[in-house]
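Colleague: Please pick one part of this model and take me through it closely. Start with its pocket, then go on to its helix contacts.

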Amino acid sequence: MLVATYNIHRGRDAAGFRDSRRHIQAVIAEIAPDLIALQEAQNYLRRGAPMLDLPLLARSLDLHPLPIAEHPGHPGWRSNVVLARPHVRLRGAPVALRLGGLEPRGAVMAELEAGWGAFRLIATHLSLGAERRRLQARALLEAIAAGPEMPTLLMGDLNEWHPGHSVLGVLAPLFGTPPRAPTFPAFHPVGSLDRIMAHPPGLVAAVEVHDTPLARRASDHLPLKAVFSPAASAPAPPSRRSSPAPR
C-alpha cells in the first residue's frame, strides 16, 4: 500500500506568497497514494472553507477524508487531514488527540483495514520546541499503549532536525530509527522533518522523497512516500504512477 505524508503550508507556495492549492492537488495526483496524511491543511481564519477541492480529489483520485472535524465544515483535526481510497476502511470512529503547544497541535488516530488485517494510523504535526515535542511524542506512545496491539503506522511532520534526539529518541524503542530523507526546505532539502515510521519497524519499506519540479514549487516541504505492507515479506518500492490505479 502506497502511503504519503505532506505538509502543504496552508496552501501557499514554497516562498509563502502565492496560492498554490492547485499545484498541491497536482502533486498529490503525481503521488497517487492509497493513504496520505496532510499537515497545515485547514484554514484557521476561514473555518468553514475547505483548503483543498475535496470533491475534485474524490473524482480524480478516489481519495476521501477520514470523518473527523475540529469545527463544523472542517475535514480534519488541528490542521491534520487524512485522505484514503475506499479500500482503506475504518474499523471505528477516528480519535482526535490534543497535543498542546503554543500553536495548538494534535493528531488523528484511527484503526483501519485494507484487506490484510487491521492497523493503526497516527497522523500528526508536532511543535517547533524540542521539549514540547518530547512531551507530544510521549503522549502518542501513551495513546498507542492504551489501545489493542496491532501494526501501527505513524506519519507526519515531526519537526525534528537531529537524528537520535528529541522526538526520534522517544519514539525509537517502538518504531526504531527511520532513514534520513530530507524534505525541507523544498527548494534545497536538508532537513528530514517529515517521517513515515511503523511498528514493527520492518513494515515500512522504500521510504522516498517525492522530489519533482512541481513539488519544489507547491509547498515549503516535499512530500514523503513509502510502501506500508505488513502482509508482504518483500514489499516493492513506491510506485511512480502519475494517475490513479484502475478501479
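Modeller: The lining of the largest pocket has 4 nonpolar, 5 polar and 6 charged residues. (Nonpolar means Ala, Val, Leu, Ile, Met, Phe, Trp, Tyr, Cys and Pro; charged means Asp, Glu, Lys and Arg; the others, Gly among them, are polar.) The model is predicted, so local features need pLDDT of at least 70 and side-chain atom pairs 80 or more, while totals for chains, interfaces and linings use all residues. Numbering runs from 1 along each chain, and side-chain values use heavy atoms, without hydrogens or water.

The pocket's volume is about 180 Å³. (A pocket is an open set of points on a 1 Å grid where a 1.4 Å probe fits, with protein on both sides within 12 Å along at least five of seven lines; lining residues have an atom within 4 Å of a point.) It is lined by 15 residues, and Glu-40, His-125, Leu-128, Asn-159 and His-221 lie closest to its centre.

Now the helices. H3 spans residues 130-145 and H4 spans 166-175; their axes come within 7 Å and cross at roughly 20 degrees. H3 is therefore roughly parallel (under 35 degrees) to H4. On H3, the contact (heavy atoms within 4.5 Å) uses Ala-130, Arg-133, Arg-134, Ala-137, Arg-138, Leu-141 and Ile-144. H4 brings Ser-166, Val-167, Val-170, Leu-171, Leu-174 and Phe-175. By class, that contact has 9 nonpolar, 1 polar and 3 charged residues.

H1 (residues 21-31) and H2 (residues 54-61) cross at roughly 25 degrees, with axes within 11 Å. Gln-25, Ile-28 and Ala-29 of H1 meet Leu-56, Leu-57 and Leu-61 of H2. This contact has 5 nonpolar, 1 polar and no charged residues.

Conventions: Axes fitted to C-alpha atoms, helices over the stretch in contact; angles between N-to-C directions. Helix = DSSP H or I, 4+ residues; strand = E, 2+ residues; numbered from the N terminus. Parallel < 35°, antiparallel > 145°, perpendicular 65-115°, else oblique. Points joined across faces, edges and corners; volume = space filled by probe spheres on them.
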